[in-house]
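This report describes two ligand sites and two side chains in one protein model. The sequence and structure come first, followed by the text.

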Amino acid sequence: MAQQVKIFDTTLRDGEQAPGCSMNLEEKLRVARQLEVLGVDVIEAGFAASSAGDFAAVKGIAETAKECTVASLARSVTSDIDAAFEAVRAAASPRIHLFIATSPLHMRHKLKRRPEEVLARAVEMTKYAKGLVSDVEFSCEDATRSERPFVAEVLRAVIKAGATTVNIPDTVGYSTPAEMADLVAWLKAHVEGIDAVDLSVHCHNDLGMAVANSLAGVHAGATQVECAVNGIGERAGNAALEEVAMALATRADYYRASTRLDTTQIYRTSRLVYSMIGQTVPLNKPIVGTNAFLHESGIHQHGVSAKRSTYEIMTPESVGIHQSSMVLGKHSGRHAFEAHLRELGYRLTSEEVAGHFESFKQICDKKKAVSDSDLAAIVNNRLPADGAHYLLENFDVHSGKETTAVGVISLGSNGESFEEVSLGDGPVDAAYNAIDKIMGMEENELIGYSINATSDGKDALGEVVVRLRNGDRLATGRGLSTDIIESSILAYLNAANKLLEAGWGI
Ligand code: KIV
Ligand code: ZN
């Protein structure tokens with residue numbers, strides 16, 4: 001019989017803490033909602049004690065997610081556990097995820113604690129967390145470089161103290177698949193009580209083996225895999241959720257394990273996460289890359305047209321990629337728009353559909369055919385937020401090889417129009433300087449800018465994501481248009497409007 005494996009998603013904790021992957025509260029809530037639709041078992045929503053932003057995100061997700069467990073990470077100290085508890089307590093199924101390092105290297109140089117002190121703390125803090133919630137996960141950080149008998153001793157003790165999941169992270173991506181399998185099998189044989197709890201693996205990708213190590217762990221008996229959408233995470237990242245899920249589904253004959261995931265939501269989830277962090281998918285990324293299901297060579301094309309399985313081990317449809325024959329355009333009504341989104345697998349409220357339909361209509365004025373990837377961009381990129389302080393009325397931007405770029409920007413706010421002219425190092429800089437002048441935000445610092453074409457062709461939509469800093473406040477903005485200057489302006493304005501909102505931050 002197939003073993004049921006839990007998918008513990010850490011996109012919003014380990015993934016989000018990686019440089020360039022930060023998300024604000026609104027973005028985290030959107031990702032969490034999609035993770036629920038995807039069907040993950042656990043969302044690790046953040047590290048509540050690490051910042052006010054993380055606390056708010058964990059709390060917000062705990063209050064809204066109904067279909068899965070919501071976890072917060074906590075060091076093995078009471079203040080972290082208290083913060084984690086406060087953040088997750090409203091969840092339908094709350095979990096506290098405790099960790100302490102168990103490798104000689106970490107204990108000696110980082111914790112400056114003897115192994116017996118680490119063991120005592122692990123037990124004491126597990127009991128403390130267990131007094132607050134029934135679902136407690138305990139992780140031996142750097143488990144794969146720890147001494148096995150010590151890991152076994154810690155796991156045995158925390159299980160006795162009430163841990164319901166024990167996790168063995170390959171924190172620095174050092175393990176090989178054979179070693180991981182051997183460690184899981186060894187622990188299952190040497191830790192009393194381990195079969196009564198979930199045994200989890202959490203693998204990093206420093207040597208490119210995170211997915212292989214996670215799968216080897218499952219093959220040896222692990223019942224939970226910790227992974228992140230698109231493999232984002234510390235340094236080279238975590239095991240990619242989509243790769244783990246599709247390996248288990250495609251090679252069920254070998255792994256004899258299944259997950260609760262609706263794999264047809266994978267592509268959508270991947271696109272959403274890339275869009276939220278302002279990154280683009282590498283062409284050859286397994287499962288979700290643009291080339292993942294393309295067959296270029298004649299021999300392959302011939303084989304696929306004769307029988308798809310000659311060169312396709314899984315179908316694009318199984319991960320939610322549809323070769324749609326329907327193209328939407330300016331004559332498409334709201335009904336067709338909504339039906340098509342539903343056919344593509346989006347689960348949206350009628351207010352969301354209404355908002356996206358408005359964006360769609362604006363785009364149809366400039367672009368004849370709106371493809372499925374354009375639609376994904378429309379759904380993932382909210383155009384200037386409702387109630388925005390300033391809205392774009394007009395822009396006129398000029399640049400040339402021998403001339404200094406100049407931008408004229410008109411913004412509307414509270415029924416009044418404001419116009420400013422500014423010079424800049426290029427058209428985008430000139431426009432941004434003019435916006436800063438109007439909004440009185442000259443100290444805005446642009447700390448991130450990315451642009452991505454959502455489809456092929458000269459009339460492709462340009463999706464821009466900017467990150468702005470103003471003092472200690474940060475905001476992300478996004479904009480979408482067939483005109484990349486306009487999408488750049490919309491993205492900047494979106495972020496600047498958020499900065500104006502008191503207390504906005506990532
Ligand atoms: O990589 C790691 O060891 C972790 C733990 C905190 C679970 O992320
Ligand atoms: Zn990690």
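Is Asn444 buried or exposed? Asn444 is buried, because its relative accessible area is 11%, where buried means under 20% relative accessible area, exposed over 50% and partly exposed in between (1.4 Å probe, protein chains only).

The model is predicted, so local features need pLDDT of at least 70 and side-chain atom pairs count only at pLDDT 80 or more, while totals for chains, interfaces and linings use all residues. Residues are numbered from 1 along each chain as its sequence is written, chains are lettered from A and ligands numbered from 1 in the order in which they are written, and side-chain values use heavy atoms, with hydrogens and water left out.

Asn444 sits in the loop between α17 (427-439) and β16 (445-453); helices (H or I, at least four residues) and strands (E, at least two) are DSSP runs, numbered from the N terminus. Leaving aside residues up to four places away in sequence, Asn444 touches residues including Asp436, Leu468, Tyr492 and Leu499, contact meaning heavy atoms within 4.5 Å.

Gln224 belongs to strand β9 (residues 224-227). Gln224 counts as buried because its relative accessibility is 0%. Among the residues that Gln224 touches, not counting those up to four places away in sequence, are Val5, Phe8, Arg95 and Ser200.

The side chains of both residues make polar contacts, listed below. A polar contact is a pair of N or O atoms within 3.5 Å; within protein, one must be able to donate a hydrogen and the other to accept it, and residues adjacent in sequence count only if both atoms are side-chain atoms.

| Side chain | Partner side chain | Distance |
|---|---|---|
| Asn444 | Asp436 | 3.3 Å |
| Gln224 | Ser200 | 3.0 Å |

**Ligand 1**

The residues around ligand 1 include Arg13, Asp14, His97, Thr171, His202 and His204, counted when a heavy atom lies within 4 Å. An oxygen atom of ligand 1 is 2.9 Å from a side-chain N or O atom of Arg13, and one is 3.1 Å from such an atom of Asp14. A polar side-chain atom of Thr171 lies 2.6 Å from an oxygen atom of ligand 1.

**Zinc ion**

Asp14 also coordinates the zinc ion (ligand 2) through OD, together with NE2 of His202 and NE2 of His204, at 2.0 to 2.1 Å. Donors are N, O and S atoms within 2.8 Å of the metal (3.2 Å for Na, K and Ca); water is not among the atoms, so sites may look incomplete. Along the chain the donors follow the spacing D-x187-H-x1-H. His202 counts as buried at 4% relative accessibility, and His204 counts as buried at 4%.
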